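Work through the exercises below with the coordinates open. Each task is followed by a stepwise solution.

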Amino acid sequence: MGKGLGKGIQALFPDSSEQRTERVEEIPVSDIRPNPYQPRKHFSEEAIGELKRSIEQHGVLQPVIVRKSIKGFELVVGERRFKASKAAGLKEIPAVVRELNEDEMMEIALIENLQREDLNALEEAKAYQKLLEHLQVTQDELSRKLGKSRPHIANHLRLLQLPEMAQEFLAEGKLSMGHGRALLGLKNKDSLTGALQKTVKEKLSVRQLEEYVQKLNKEVSRETKDSKRQLTPYVREREASLKKYFGTNVQIRQGKKKGKIEIDFFSEDDLDRILTLLDREEEE
């Protein structure tokens, strides 16, 4: 898969000799389909409008990149130019046709958008997740390939643990990444929906939300204080180890005769992730 990434980047950024021989064609806009791997799901109408007016005045200054498909062409790079050209009523658009397989097409779409840094936090998180799964690499390896720090990637991936409603608000711009990280700090996940609704309704700043989360966590700490005192040093250590392994909140409730382990999850995908980790332990 690593070789595929290299080919993808090379296809996106060919060397100068390739650029000299590469041919730009005028392709009917109606023959081009959007990129199915485009990580950006939300395009600013204002930005598209500005580009549309520029195209009407100056034309398309930079060709899009497409690949040949069974029915016409599939867009690889240049979604915004493509949308603005359609809005401007262009019948044809300058394009470079490249031979790319499905893997290369997906990698280029994700990497090109990540390098442009114009994705919202949730789109960026999903792009990282797709690359991790597709390339079958670790977060460390991906950080080196993309030139991003591992904490940057890890912090974005944590947003995918948020409930669906919170992810929708992130995608719509009603919440920032800072809001998402603050919500992930809640000890009692049953309070998350209420905190989310309060944040949006009252338009809380990240700092205000952090203070509200701290307040809720203090209440949880008071409620669980007595039970926490009953944990032996060994059980406390095991609980901390489980939290680190599963990447979520884990509580071991220790009684006189029996106990139980509670593992938090935020969605069906998150549950599948945890079950996969459990299955891996059984196999080993």
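This is a predicted model: local features need pLDDT of at least 70, side-chain atom pairs count only at pLDDT 80 or more; totals for chains, interfaces and linings use all residues.

Residues are numbered from 1 along each chain as its sequence is written, and side-chain values use heavy atoms, with hydrogens and water left out.

**Exercise 1.** Describe how helix H7 and helix H8 cross, and list the residues that make the contact (heavy atoms within 4.5 Å).

Solution. 
1. Helices are DSSP runs of H or I, at least four residues, numbered from the N terminus. H7 covers residues 139–146 and H8 covers residues 150–158.
2. With axes fitted to C-alpha atoms over the stretch in contact, and angles running from 0 to 180 degrees between N-to-C directions, the two axes come within 9 Å and cross at roughly 115 degrees.
3. H7 contributes Gln-139, Asp-140, Leu-142 and Ser-143, while H8 contributes Arg-150, Ile-153, Ala-154 and Leu-157.

**Exercise 2.** Identify which residues of the largest nonpolar core touch the most other members.

Solution. 
1. A nonpolar core is a set of buried (under 20% relative accessible area, 1.4 Å probe, protein chains only) Ala, Val, Leu, Ile, Met, Phe, Trp, Tyr and Cys residues joined through side-chain atoms within 4.5 Å.
2. Among the 36 residues of this core, the answer is Leu-114, Tyr-128, Leu-131, Leu-142, Leu-146, Leu-162 and Leu-183.
3. Helix H6 (121–135) gives the most to this core, with eight residues.
4. Another core, of 15 residues, lies apart from it and includes Ile-27, Phe-43, Val-66 and Phe-73.

Technical notes: Helices (H or I, at least four residues) and strands (E, at least two) are DSSP runs, numbered from the N terminus. Buried means under 20% relative accessible area, exposed over 50%, partly exposed in between (1.4 Å probe, protein chains only).
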